[in-house]
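Here is a friendly walk through one protein model, from its surface to its aromatic rings. Keep the structure open beside you as you read.

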Amino acid sequence: MSNTQNYIQENKQRFLDELFDILRIASISADPAYKSEVLKCADEVARHLKVAGADNVEILETKGYPIVFGEKIIDANLPTVLVYGHYDVQPADPLELWTSDPFEPVVKTTELHPEGAIFARGSADDKGQFFMHVKAFEAMMKTDSLPCNVKFLIEGEEEVGSASLADFLEENKEKLSCDVILISDTHIYSNEQPTVTTGLRGLSYVEVEVEGPNRDLHSGLYGGAVPNPINVLSKMIGDLIDDKGHITIDGFYDNVLIVSDEDRKEMNKLKDDPEAYKKSINLNDIQGEEGYTTLERASIRPTLDVNGIWGGYTGEGAKTVIASKAFAKISMRLVPNQTPEEITEKFTKYFEKIAPKSVKVKVTPHHGGMPYVLESNTKEFLAAKKAMEKAFGKEVLPYRSGGSIPITSLFEKVLGAKSVLMGFGLDSDAIHSPNEHYGLYNYYKGIESIPYFFEFYAKG
C-alpha cells in the first residue's frame, strides 16, 4: 500500500479542490427549489466515479432523487465492499448565522482544527466523507492496488429519510450484492482517540396534539375555569420523565438490552470528561438517567426528548388567549431489542392514559428506525480497527453512537450484509447547523485509512 499512500500525499491539494467543487453545489433535497442542483450533484458524483476508474457508472432513477451507482469487479471470487454515502445536504438556514457562504467552501482554523477545517454545508455530512471513498478508490486504481471488488451506492435523499431506498434495494438485490457495506456518515470520539462506531440507536418519532375548548378563549373571561391545552401538554410532557431521568411510559424498558459491566467498562475507556463536555456546549451542569455516565446516557440507554412545542399566540406583543390546541414533536431514541412499532404503541397508550378528561389528545406517528450493533470481534470491525490504527498511529476503540442511521438495519435485512460505520468527523462539526465544518486532518486521514480497510478485509 506504500504506492497508494504516496499517491494520496502527492494529490492532496487536488483532492481538496475537487471536494470544493462538489460542496459548491446546493443539493438540498428537502426544498424543491433546489431540484436542479440536486440533479447536477448526481451528475458530478457520477463523473468523478468514472474518472476514478469505476465501471458501469449509472444514474439510476427512483421515485425521488436518483442514486449514483458504479463498480469495479476485479475477480468474482474476491469479496465485495459496497460503499454507501449521500450527496444531498440539509438546508443552510438560518443563513445569517453563517460566518461565510455555506456553498462557497473556505478553510478556517479552529481550536480543535489548528491545521484548518472546511466550512461549508455538507462538508462533514456527507459530501466530505463519501468523497474520501472516491479519492481512496482512485488512489488504489492508479497504483494497481485494489485488493477486492467495490461497488458504490450514493443516494440523494438521505436528508429526507431515504424515502426511495427501500424499494431500490429490493429491486436491485443482485446488482448490489456484497459481503460488507462501508459507511462514512458518523464521527470519531476525538482526533486524539479515534474510534469505530459499533452501535446506533433506533428512533420512534411522534407528534402530539392536545385539544381543549372549541376556539381560542379570552384568558380573563375564562382563565381559571377551563383547561388550558398548553398548560396541560406541558405537565403531561413533564410527567414522561421522573426526577431520576427515568422514562415513565408503561413497559418502556421491558425489552431494553442491558449492557454487561465488562462492556460498560470497555466503552468508558473513552475517558468521559464531564467538565469538557459542559464547556463544549456552554452548560453549567448536565443531567440524565441516574446510574449512568454521560457516554452511556448518550449511547446505550433509550431517551425521550421534545423536539418542538407550540400553541397559542407567539407573535410580537401580547395577546391574552387560552389556546384551543397545543402541539409537540417528540423523539425517542431506542436501543437493541426495542422496535419503533413497540415504543410508538406504548407511548400512545400512555399519553392517552395520563391525559385529563377535560382535553382530547391525538398521537400521530412519523418515521422510525431500528437500532444497530456491530460486534467488535467480527472480521468487518477488526478490518476497520486495524486500518484506522495504521493511518492514525494510535489505538482505535469501539464506540456506541447515540444517533440513528435506519438504513443500516435495512441493508442487513435486504442485502444480508453488515455495515461498518467508519466515519471520520467530530461531534463538534456542526452538522445540520450553521457553520458546518470538517477538519482537513480528518478528511485526509479518511482517505489514508480506506485503502487499508480494503487490504485488511480482503486478507480476512
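This is a predicted model: local features need pLDDT of at least 70, side-chain atom pairs count only at pLDDT 80 or more; totals for chains, interfaces and linings use all residues.

Ile-281 is found in the loop between α9 (274–280) and α10 (294–297). Is Ile-281 buried or partly exposed? Its relative accessibility is 46%, so Ile-281 counts as partly exposed.

UniProt, in an unreviewed entry, lists residues 199–357 as "domain: Peptidase M20 dimerisation". In the model, the span 199–357 is 30% helix and 21% strand, and its end C-alpha atoms lie 41 Å apart.

**Aromatic rings**

Now to the rings. Two rings are counted as a pair if their centres lie within 6.5 Å, and by this rule there are 15 aromatic pairs. One of them joins Tyr-84 and Phe-411, an edge-to-face pair with 5.5 Å from centre to centre and 70 degrees between the planes. Because Tyr-84 belongs to strand β3 (residues 80–86) and Phe-411 to helix α13 (residues 407–415), the pair ties together parts that are 327 residues apart in sequence. How exposed are these two residues? Tyr-84 has a relative accessible area of 1%, so it is buried. Phe-411 is at 0% relative accessibility, and therefore also counts as buried.

A further pair is formed by Phe-137 and Phe-152: their ring centres are 5.3 Å apart and their planes at 70 degrees, which means the pair is edge-to-face. Phe-137 sits in helix α4 (residues 127–142) and Phe-152 in strand β6 (residues 149–155), so this pair links parts that are 15 residues apart in sequence. Both Phe-137 and Phe-152 are buried.

Rings can also gather in a group: Phe-392, Phe-424 and Tyr-441 form one aromatic cluster.

**Lysines over rings**

Which lysines lie over an aromatic ring, and at what distance from the ring centre? Here are two examples.

| Lysine | Ring below | Distance to ring centre |
|---|---|---|
| Lys-12 | Tyr-444 | 4.5 Å |
| Lys-108 | Phe-119 | 4.8 Å |

In the Lys-12 case, the charged end of the side chain sits over the ring of Tyr-444, while Lys-108 lies over the face of Phe-119.

How values were computed. Residues are numbered from 1 along each chain as its sequence is written. Side-chain values use heavy atoms; hydrogens and water are left out. Helices (H or I, at least four residues) and strands (E, at least two) are DSSP runs, numbered from the N terminus. Buried means under 20% relative accessible area, exposed over 50%, partly exposed in between (1.4 Å probe, protein chains only). UniProt positions are given in the numbering used here, feature names are shortened, and annotations may be inferred rather than shown by experiment. Rings of Phe, Tyr and Trp (its six-membered ring) pair if their centres lie within 6.5 Å; planes under 30 degrees apart count as stacked, over 60 as edge-to-face and the rest as tilted. A charge sits over a ring if NZ of Lys or CZ of Arg is within 6 Å of the ring centre and within 35 degrees of the ring normal.
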